[in-house]
There are 2 protein chains.
Amino acid sequence: MHRVTIAEVAERAGVSTATVSRALSGGRPVSAEVTRRVRKAAAELGYAVNPIARALRNSRTDTVGMVVPSISNPFFTSLVESVEHALGRDGKELFLCDAQSDPVVEAKRLASLVSRNVDGIIVSPTHGTESASAVLETARRLPLVQLDRFVGGTSTDWVGVDDLAAMRLVLDHLHAAGARSVAFVGSLLTNSSTEQRLAGFRRRSAELDLKVGPDSVLLGDYSVEWGEAAAGKLIDAGEPPDAVVCADDLIALGVTRGCRARGVSVPGQLQVTGFDNIEFARLSDPALTTVDQPRERIAAEAVRLLAAAGKADAGEKQASAHIALVPELVVRQSTKPVG
Amino acid sequence: MHRVTIAEVAERAGVSTATVSRALSGGRPVSAEVTRRVRKAAAELGYAVNPIARALRNSRTDTVGMVVPSISNPFFTSLVESVEHALGRDGKELFLCDAQSDPVVEAKRLASLVSRNVDGIIVSPTHGTESASAVLETARRLPLVQLDRFVGGTSTDWVGVDDLAAMRLVLDHLHAAGARSVAFVGSLLTNSSTEQRLAGFRRRSAELDLKVGPDSVLLGDYSVEWGEAAAGKLIDAGEPPDAVVCADDLIALGVTRGCRARGVSVPGQLQVTGFDNIEFARLSDPALTTVDQPRERIAAEAVRLLAAAGKADAGEKQASAHIALVPELVVRQSTKPVG
DNA sequence: GTGAAAGCGCTAACAT
DNA sequence: ATGTTAGCGCTTTCAC
């Protein structure tokens, strides 16, 4: 139950601890013969570096921290998987934290990651304004990339999807599928995703001359329950729209349920679209037409930015990058087929 | 961009570094006056302990590692949430790792957690046999609790659900709901969950004199796709059973879809049950009758065992505990109402 | 109750 | 190419 240290390897190989360090991890030249002896000794003893000692010495941990708003939201877990893929290629590990949709918890997690000397942080902020101070403060101390969502003063790197382009795809499709009046169901405007998507929705629906009734923009939260409630409001108010555009798939699944509960057929009487393309979007009935986020690409860009920031770190802050990737529309059965 | 150290706090408070350490974290007595001065100095400087230095010194990290088979399985993410709750109460943090359903990745993650000196590990092994060596090896070095699933030689602590009791609940319900022939759809017998559940299924169906056809036990993996395929096999073979018992909710959702695709009504012609009670079990149509796992309780027990093992660690290994909690049946619309 | 000093395991200067 | 040594920031004897 005793941990093998570098000193024991050194003794066994008949060299100094410095040489062991260099032979195993160092960039510095060590003779082939010695390297071989050291490797052998290390293997025999079952030596593994102590990352804690190394981190204390190097102030580098080869670990990236990630904070997501909610680990139970399938979109974020799929994003986590993609980030792990991308980091794996660089030999880095991921320290994942759940903010539990609470900016206070989020701030704690960020502080904890900083104090643990992670090499960089990937965060999708829970709240558009309340998360701002913690995120910006963290960004002053460490390389930080915002993913998907972002907070107010966008002075940090960000990677996400082009929400405006996404809404163009969605509305163009609905227009082609015969919709003439549309509604939008999102979360309260406390995060950038809904904000951007709503802006895109308004702009494109105006351009296409799609009617948006006065009570046709409903904001709640990212949940099935809210989608269900929103569908109720739209239908019970009379004159429901031809189509409902949702800010994420969970909401869209709820809207679909709400419609069914009230005997409104989807897509027959009312078309529904989602956003994110989570697995259940494909599995629900009717399968959801939605916007597919290029997760792997998003994750890869984020990891790249983080690595770049880590290197440039010495040479003071460089200009921050905002990378908006263009998403794809996945057409399924919750919207009408287009000629 | 400079990190405040204990030395600076000491200087400002006019005391030694040892005193600062004792005043802030130590159990040792420090005069009230000095404590106050130290606290003040620390606050003014914005001091926060460096967990890495502390860990190197103490070989304790106040961090627990957790490894789950798949972070995209909603059951495991909900379990993670519960574990976080339980740990939060002890002021510990969670280092979460995804094994990507691969024993090789799992072994790497376990090794990494060990080398990072986490105080203990909670793991739900991906594989009943292939995970065994890594899990047992890890358990020799650190307090370790298996959650939900477990590997072969159960010489470590384990917390989960009483699968046999669960199957009794399920089959008793189906029997009361009029089913006379039943089938079972699970994953290959490479993990304890399916194994136990299948054993419980066989025993109770025999006791109740429920018919289990020769081709009525289908094993694949924990996925919607497999459930769908399995439903196809059962139906296409002719003489489908009255009810299909599934080893988890994802499979059950798939079976339901498969039935619908073939025009078999659920629960009219065929009843379906799941296991876990993930969120989508409630949301699917028809809503799924399933076994609810007492996640919070499972998590709390796991954390308690880990803490106990941590303390007892000095006094050599104590007997390991196997805690099987009794689950509840949640009756919804995928089974027929009972008188 | 408080201070001085050693040392956790590692790596980067600085020798040689 | 290799060895010697200092020190990352903290806690904990051991003195007083």
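Predicted model: local features only at pLDDT ≥ 70, side-chain atom pairs only at ≥ 80, totals over all residues.
**Exercise 1. Count the disulfides over all chains.**

Step 1. Take the rule: a disulfide is a pair of cysteine sulfur atoms within 2.5 Å. By this rule, the count over all chains is zero.

Residues are numbered from 1 along each chain as its sequence is written, chains are lettered from A in the order in which they are written, and side-chain values use heavy atoms, with hydrogens and water left out.

**Exercise 2. Find how much area chain B and chain A bury between them.**

Step 1. Buried area is the accessible area (1.4 Å probe) that two parts lose on being put together, summed over both. Here it is about 3900 Å², with 53% on carbon and sulfur atoms.

Step 2. I52(B), R116(B) and F280(B) supply 15% of the area that chain B buries against chain A, more than any other three residues.

**Exercise 3. Count the salt bridges between chain B and chain A.**

Step 1. A salt bridge needs a side-chain nitrogen of Lys or Arg within 4 Å of a carboxyl oxygen of Asp or Glu. The count is six.

Step 2. Look at one of them: E93(B) meets R116(A), at 3.7 Å from N to O.
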